[in-house]
Amino acid sequence: MLTTLHVRQFAVVEKAEVEFGAGLTVVSGETGAGKSLLVDALLLLAGARADSGMVRTGSDRAELSAEFDLAALPEARAWLAKEELDDGEACQLRRVIRAEGSSRAWINGRPANAGQLAELATLLVEIHGQHEHQALLSRAHQLALLDAFAGHETQAAQVRELATQWRELGARIRRLSGGEDREQRLALLRHELAELEQWALPPAELAELEASHKRLANAGRLAEGAAGVVELLDGDSEFALRRALGRAHAELGKLAMLDEALNPALELLDNAAIQLGEAADTLGRYAQDVDLDPERYAEVDTHLARLHELGRRHRLPIAELHDKVASQRDELAELEGAGDALEKLSAQRDRTRADYDKAAAALGKSRRKAADKLGKDVSALMGELGMAGGVLQVELEPAEGDEPDPQGRERCELLVSANPGQPPRPLRKVASGGELARISLAIEVATLGKDSIGTMVFDEVDSGIGGAVAEVVGQKLRALGSQRQVLCVTHLPQVAAQGHAHLYVSKHSEGGHTRTQIQGLDAEGRRDELARMLGGVEITRETRAHAKQMLERAQA
């Protein structure tokens with residue numbers, strides 16, 4: 001559910017932050033005030049193409065952000081988790097459009113591209129407007145909607161799982177029955193496995209090998225450096241640290257005889273002398289014991305060189321080569337026992353195919369039955385929404401190919417005739433934005449609560465209607481709002497009266513600048529706005545009374 005929308009320096013909006021709740025929220029305002037800017041902002045956050053004309057004049061960039069509550073949207077949460085963009089049950093979309101035309105986007109504070117925005121938006125919001133892209137136009141979504149309408153979730157999941165299993169079994173069979181390729185693969189595997197078993201090391205042994213290589217490569221420098229430090233600590237030079245410490249100890253001993261308070265410091269110098277002596281002895285032994293073994297160094301260097309060569313060949317870090325041994329052994333064993341394995345896999349694939357055919361046939365039969373009912377329900381609603389004689393048909397056609405398909409044996413296409421006498425055409429090709437919005441509304445009402453989209457937006461769904469039809473549209477939107485969050489931009493009071501909440505968009509000009517303001521209306525504000533929508537500029541007592549009656553009737 002959309003909870004907050006924030007826009008800044010966007011078109012004629014200087015700054016606005018709008019909070020949304022559940023149910024139907026209507027948006028109204030005078031012509032040209034910018035009612036559809038909220039829809040435009042959501043479209044941009046859904047990955048629509050941006051251009052510099054969307055940036056407010058005089059500004060360097062426009063900023064848009066929206067926050068969604070994903071508590072009831074498991075598919076959106078799963079998508080975010082898969083893309084590693086998740087952040088609990090909340091989701092923030094943000095987009096910045098610069099005056100020169102470039103734009104950047106973020107999902108939960110992490111950079112994202114327009115494709116990711118669009119993919120995620122199809123799980124969050126569905127926009128029905130004048131010629132705008134929407135999930136309902138996708139044939140895959142139409143099929144999913146039909147399955148949801150008929151309650152096919154379990155059957156569709158079974159078909160999808162069986163098709164996936166069949167394909168995986170086919171891939172394993174092809175890998176095992178490769179003829180000459182199989183013999184070549186066997187030879188290659190045996191060779192690669194022998195190399196890996198000879199050179200690859202477990203993590204602890206690899207770490208020790210690398211440490212040994214580093215130590216042997218620098219043995220001369222280590223011995224020379226350690227001896228030099230010993231000379232600094234306890235050498236023959238009068239500047240050696242142990243001699244200087246001895247002189248300091250003698251001088252402090254004399255002073256301590258005059259003041260016992262210096263005895264603790266004297267003890268510290270005693271300890272320092274002991275520590276310094278131990279350090280010098282340790283470093284001296286280290287310098288003598290450093291392993292200057294060229295043969296061992298050559299051996300270790302060769303081992304590491306072979307590991308890096310194997311890493312490049314297998315395209316793996318050398319630390320992962322040891323794990324590769326196990327997978328190579330498994331594949332080799334599978335290929336060497338291919339005869340028995342092929343027989344078992346073929347039998348398993350045949351059983352899976354039979355199960356798929358049975359499940360897909362049952363799903364197809366149920367889909368055809370549901371398609372007829374969905375078409376009739378939507379056609380009836382189209383008449384109520386001012387498209388008398390309009391018809392929707394749900395056409396199912398066979399999927400291409402004979403192989404098991406995860407979506408089943410059918411493909412779905414919604415065909416619509418908005419006026420009597422016109423042949424049905426694909427919904428995605430319907431040209432009239434107003435008709436498309438009302439057809440979409442009819443489909444959403446007929447499938448009320450069947451899809452998983454949390455927020456639906458209708459822009460000018462009431463275009464070209466009025467009177468009783470407008471009131472029916474409002475009632476249908478309110479019914480839709482009882483199960484989904486709905487945002488509707490409207491210019492009709494009959495629709496606006498049905499809202500659970502009301503946003504008013506106004507435009508103000510001062511000092512040569514035009515600004516658009518968006519505000520939520522209380523009960524009195526709603527009554528006055530409905531009166532304005534009913535009566536125009538001059539609001540009378542009668543229009544206010546009529547507006548009050550409309551609100552009371554809608555809320556009853």
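Two strands pair if DSSP finds at least two bridges between them. The legends below describe a predicted model.

**Figure 1. Arg8 of β1 and its bridge partner in β4.** Arg8 has Glu63 as its bridge partner in β4. The two strands, β1 and β4, are antiparallel and are joined over six bridges. Strand β1 covers residues 2-10 and strand β4 covers residues 61-69.

**Figure 2. Strands β4 and β5.** Strands β4 and β5 run antiparallel and are joined by nine bridges. Ala62 stands opposite Ile97, a residue of β5. Strand β5 covers residues 90-98.

**Figure 3. Strands β5 and β6.** The pairing of β5 with β6 is antiparallel and extends over five bridges. Strand β6 consists of residues 103-107. Arg95 has Ala105 of β6 as its bridge partner.

**Figure 4. The six-stranded sheet.** Strands β2, β1, β4, β5, β6 and β7 form an open sheet in the order β2-β1-β4-β5-β6-β7, and the pairing is antiparallel. At the edges are β2, residues 13-19, and β7, residues 110-112, each of which pairs on one side only. From one strand to the next, the twist averages 15°. Strands of a sheet pair through backbone hydrogen bonds.

**Figure 5. Helix α1 on the sheet.** Helix α1, residues 37-45, packs on the sheet. The strands touched by helix α1 are β1, β2, β4 and β5. The direction of helix α1 makes about 100° with that of β1.

**Figure 6. Arg94 and the ring of Trp106.** Arg94 lies over the face of Trp106, at 4.5 Å from the ring centre. For pairs between aromatic rings, with centres required to lie within 6.5 Å, the count is zero.

**Figure 7. Setting of the close-ups in the whole protein.** The protein has 18 helices and 15 strands. Its C-alpha trace spans about 110 × 85 × 40 Å along the principal axes. The radius of gyration is 38 Å, whereas a compact globule of 556 residues would have a value near 24 Å. Buried residues account for 44% of the 556 residues. Of the contacts between residues at least 6 apart in sequence, 69% join residues at least 24 apart.

Technical notes: Residues numbered from 1 in each chain as written. Predicted model: local features only at pLDDT ≥ 70, side-chain atom pairs only at ≥ 80, totals over all residues. Heavy atoms only, no water. Phe/Tyr/Trp six-rings, centres within 6.5 Å; stacked < 30°, edge-to-face > 60°. Lys NZ or Arg CZ within 6 Å of the ring centre and 35° of its normal. Helix = DSSP H or I, 4+ residues; strand = E, 2+ residues; numbered from the N terminus. Axes fitted to C-alpha atoms, helices over the stretch in contact; angles between N-to-C directions. Contact = heavy atoms within 4.5 Å. Rg over C-alpha atoms; globule rule 2.2 N^0.38 Å. Buried < 20%, exposed > 50% of the residue type's maximum accessible area, 1.4 Å probe, protein only.
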